[in-house]
Amino acid sequence: MGVIRFVLAGTLGIRDLPNLEPSLRALTGDQPVFIDLERAELIDTSIAWIILSTRKRLDEKGQCKISGASPNVARIIDTIASAIPEPEPSAKEGPWLAGFLGRLGSGVVNAGVMFARFAGVLGLFIVRLAQSVIHPREFRLTALVHQCEAVGLQAVPIVALMSFLIGVVLAFQGSAQLRQFGAEVFVVDLIAISILRELGILLTAIIVAGRTASAFTASIGSMKMREEIDAMRTLGIDPGHALVVPRVLALVLMLPILGLIADGAGLFGGALMSWLELGISPAMFATRLVEGTEVSNVFVGLVKAPVFAVLIGVIGCQAGLQVGKTAESLGKMTSSAVVAAIFAVILADAVFSIFFQQIGL
């Protein structure tokens with residue numbers, strides 16, 4: 001059986017494609033084919049694509065080889081080969097139970113991988129923060145102040161407005177129910193405990209998770225897409241010190257302050273609606289608030305803030321570091337970071353609720 005040697009020579013570009021493509025498509029693979037590129041000085045992407053298409057078509061019979069390519073030509077061929085998308089394997093139909101178990105197992109594995117990555121970034125933050133304490137010169141105060149403004153000061157309006165409206169709604173709905181029993185005055189206790197203990201910090205954390213986790217992922221992910229993080233490493237700048245520590249630490253510092261602002265705005269909204277709806281004067285509201293609300297409720301609410309902050313910051317940074325080189329990857333990781341951060345905040349709040357209930361707070 002003979003061998004077909006297809007020789008390409010000189011500089012080949014898209015203008016040569018109409019003459020070259022029919023000749024390559026005429027190869028049937030009945031005989032071994034060698035595409036000889038030893039005399040090819042330069043090819044463009046269109047020529048590389050038709051060569052790779054021919055090899056893929058003939059490789060089904062194991063009848064095509066590419067040989068003799070110079071380093072420049074081989075580099076172009078390798079680049080095009082890596083860019084050609086692979087067809088997704090068709091899903092095989094099987095018993096529904098097997099498919100369900102397969103998806104369940106895949107979900108568990110993916111969750112384990114995400115948790116491992118989260119733990120890695122959390123460890124990176126703790127180690128770099130400890131290094132900054134030991135070597136203060138490595139601490140980036142300017143970046144911390146900038147991030148505090150971005151995640152804290154700029155979030156005050158939306159957090160205050162949200163908490164004010166929540167206080168109004170609680171007072172309105174609570175008064176409608178308590179009026180039936182002549183216990184309107186207890187609406188103050190309802191507002192205080194709900195906002196100070198749970199809703200104030202929880203809703204603040206959810207808003208910050210949607211606002212800040214996405215911002216962290218987008219900023220770090222865009223830097224990774226532009227290879228700025230690799231450039232930082234080349235210049236001897238540690239991304240952990242420059243990117244992770246200022247963002248997470250800014251959240252740890254600012255989220256308790258945002259929680260206090262949310263508590264104050266929520267109580268103000270509740271007091272205003274109680275005055276308008278029930279006739280409870282601000283002085284009576286304040287007196288009932290002081291007499292009927294324990295300080296432990298404020299403590300229970302604010303002690304959650306640093307934990308929520310670490311969860312949101314680490315998840316946002318971790319998702320940003322996982323961004324690939326495409327805009328699709330950036331969008332996917334941004335939305336994933338928001339969902340994961342909100343889920344983590346709600347899960348942590350549930351754990352805190354059980355814990356405080358067990359210890360009697």
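Predicted model: local features only at pLDDT ≥ 70, side-chain atom pairs only at ≥ 80, totals over all residues.
Residues are numbered from 1 along each chain as its sequence is written, and side-chain values use heavy atoms, leaving out hydrogens and water.

H7 covers residues 187-225 and H10 residues 282-292; the two pack at about 60 degrees with axes 9 Å apart. Helices here are DSSP runs (H or I, at least four residues) numbered from the N terminus, and axes are lines fitted to C-alpha atoms over the stretch in contact, with angles from 0 to 180 degrees between N-to-C directions. The crossing of H7 past H10 is right-handed, meaning that the near helix is turned clockwise from the far one by less than a right angle. On the H7 side, Val188, Asp189, Ile191 and Ala192 meet Phe285, Arg288, Leu289 and Gly292 of H10, where contact means heavy atoms within 4.5 Å. These residues divide into 5 nonpolar, 1 polar and 2 charged (Ala, Val, Leu, Ile, Met, Phe, Trp, Tyr, Cys and Pro count as nonpolar, Asp, Glu, Lys and Arg as charged, and the others, Gly among them, as polar).

H7 also packs with helix H11 (residues 295-302), at an angle of about 5 degrees and with axes 8 Å apart. H7 is therefore roughly parallel to H11. Here Ile193, Leu196, Arg197 and Ile201 of H7 meet Asn297, Val298, Val300 and Gly301 of H11, a contact with 5 nonpolar, 2 polar and 1 charged residues.

Another partner of H7 is helix H5 (residues 141-151): their axes come within 10 Å and cross at roughly 135 degrees. H5 and H7 are therefore oblique to each other. Gln147, Ala150 and Val151 from H5 meet Arg211, Thr212 and Phe216 from H7.

Turning to open space, the largest pocket holds about 630 Å³. A pocket is an open set of points on a 1 Å grid over the protein atoms alone where a 1.4 Å probe fits, with protein on both sides within 12 Å along at least five of seven lines; lining residues have an atom within 4 Å of a point. Grid points are joined across faces, edges and corners, and the volume is the space filled by probe spheres set on the points. Of the 23 lining residues, Met114, Ile315, Ala340, Phe343 and Ala344 are the closest to the centre of the largest pocket. H13 gives the most to this lining, with 12 residues.

Conventions: Parallel < 35°, antiparallel > 145°, perpendicular 65-115°, else oblique.
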